[in-house]
Amino acid sequence: MPIECEIRDGALVWIKNPVSGVISYVVDVSGKSFAFTLGGRDPNVDASQHLSPEAIRHATEACPFCPGNEDSAPPELFRLSLEDVPEWSGLKAAPHSRWVMRVFNNLFPRIPSELTGDRNESYIVVEDPRHFIDSPRTAADLMFTGTLGSRHFIHLLQTDAFVMRRALENPNICSVVIRKNQGRESGASQPHLHQQILGSPEPFPAVVAEARAERDHPHLWQEIIALMDRLGLVIDRTSNIVSYASPIGAFPRSYDVLMPNFRGLLCELSKDQMVEFGNAIYRVLSTLGPLPLDYEIHQGEGLPLHAHLNARLYPYSNVAGTLNLPSTLLQSAAAIRSALARHRE
Ligand SMILES: [Zn+2]
Ligand SMILES: [Zn+2]
């Protein structure tokens, strides 16, 4: 069964997500006013404005993920130092930090630890010691993943793989998901950039649903890729990786990064495969920049390893299983492709 959709004069009119059944309708939103558009940096802020040293101190002193406050977070499991991340870009901004990344358990496990052998299997990875970007203008000018650099991001994925192996040593854990929320609008509870790793005693429902959809629909991923190609939504493609602006994402502006031929876990990737997967995710993250976003890495259950990235620029608008997709989706894929091409020159 092909992916259900309608294409008129070469343009997508609607498409049904084969996993969730949600139908996305492509609409022209150019005339619509988004009074509640969410944002990273506020364009109305005067360029000469600066966040005062007192405000910076106030925010960082209260942050359990900032250097100097290590004791207010749960006990550290391990850290990466400057020797581990020689490409770290923060030496000038945070010359005294003794770490670049830190891993500890989440104070509030997502899945109660009595279900995982009395071991908390929810982890936090603090991605960088810097709380704010350089010269913040407002308290919203937080450090974000898309500015860390791709090498730093690969180290982050390697750290995830290390934590995953630790979680999978627990005989009660059968499934691991990696999740990131960037920005208050995406549901992040801490402003300091961090990622979550969650181990579960059961396969995660989102992953189970995808595996079930593939059983019902054996060439699911190949069909999705072929359709994205036809619609001009593919951003990046090699023999191992494909990324595309997804019209069947959970939010109106979503992207997928997929390793169609690798049906394993993140921690089973070779170094080269990890670099390829990480670079493809990072390219989307660096394009989205400080925008509120989330991403999730799905693995296991025989699925090709993949990541879903959702920009959270607009308020969530799923109504009774329908989503409106801005018709600018095509342009956004083209804009990312040309930005990447410029970047590579
Ligand atoms: Zn902080
Ligand atoms: Zn998935």
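Predicted model: local features only at pLDDT ≥ 70, side-chain atom pairs only at ≥ 80, totals over all residues.
**Entry 1**

Cys-5 stands opposite Ile-15 in S2. The two strands form a hairpin with 2 residues between them, and there Asp-9 takes a positive phi near 50°.

I then followed S2 to its pairing with strand S3 (residues 23-27), where 3 bridges join the antiparallel strands. I noted that Lys-16 has Ile-23 in S3 as its bridge partner. This hairpin has 6 residues between its strands, and Gly-21 takes a positive phi near 80° in it.

**Entry 1: the open sheet**

Next I traced the sheet of 10 strands. It is open, its pairing is antiparallel, and the order is S4-S5-S6-S8-S7-S12-S13-S11-S10-S9. Which strands stand at the edges? They are S4 (76-80) and S9 (234-237); each has a single partner strand, so one side of each is left without a neighbour in the sheet. I read an average twist of 15° from one strand to the next.

S9 is joined to S10 (residues 242-246) by 3 bridges, and the two run antiparallel. Asp-236 stands opposite Ser-243 in S10, while Arg-237 has Val-242 as its bridge partner.

H2 lies across S4, S5 (101-105), S6 (122-126), S7 (175-182) and S8 (194-200), and it runs at about 25° to S8.

Helix H4 (residues 220-230) was next. Which of its residues are buried? They are Trp-221, Ile-224 and Met-228. These residues cover an arc of only 60° around the axis, which puts them on the same side of H4. I found S9, S10 and strand S11 (253-258) among what covers them. The face turned away from this buried side carries the exposed residues Gln-222 and Arg-230. Just after H4, Gly-232 takes a positive phi of about 75°.

**Entry 2: Val-177**

I picked Val-177, which is found in strand S7. Is Val-177 buried or exposed? I counted it as buried, because 20 other C-beta atoms lie within 10 Å. Leaving out residues up to four places away in sequence, Val-177 touches Leu-198, Phe-204, Glu-296, Ile-297 and His-298. I also checked Val-177 against Pro-136: the two are 41 residues apart in sequence and 32 Å apart in space, C-alpha to C-alpha.

**Entry 3: nonpolar cores**

Last, I looked at the cores. In soluble globular proteins, nonpolar side chains tend to be buried together. Here the largest nonpolar core has 72 residues, and those with the most contacts inside it are Val-125, Ile-197, Tyr-244, Val-257, Phe-277 and Ile-281.

Not counting residues up to four places away in sequence, Val-257 touches Ile-241, Ser-243, Phe-277, Ala-280, Ile-281, Val-284, His-306 and Ala-307. I also noted a second, separate core of 5 residues, including Phe-132, Leu-142, Phe-144 and Leu-193.

Terms used:
Residues numbered from 1 in each chain as written. Chains lettered and ligands numbered in written order. Pairing = 2+ DSSP bridges. Helix = DSSP H or I, 4+ residues; strand = E, 2+ residues; numbered from the N terminus. Axes fitted to C-alpha atoms, helices over the stretch in contact; angles between N-to-C directions. Contact = placed C-beta atoms within 7 Å. Buried ≥ 20, exposed ≤ 12 C-beta atoms within 10 Å, placed from the backbone. Arc of directions from axis to C-beta. Core = buried A, V, L, I, M, F, W, Y, C linked by C-beta atoms within 7 Å.
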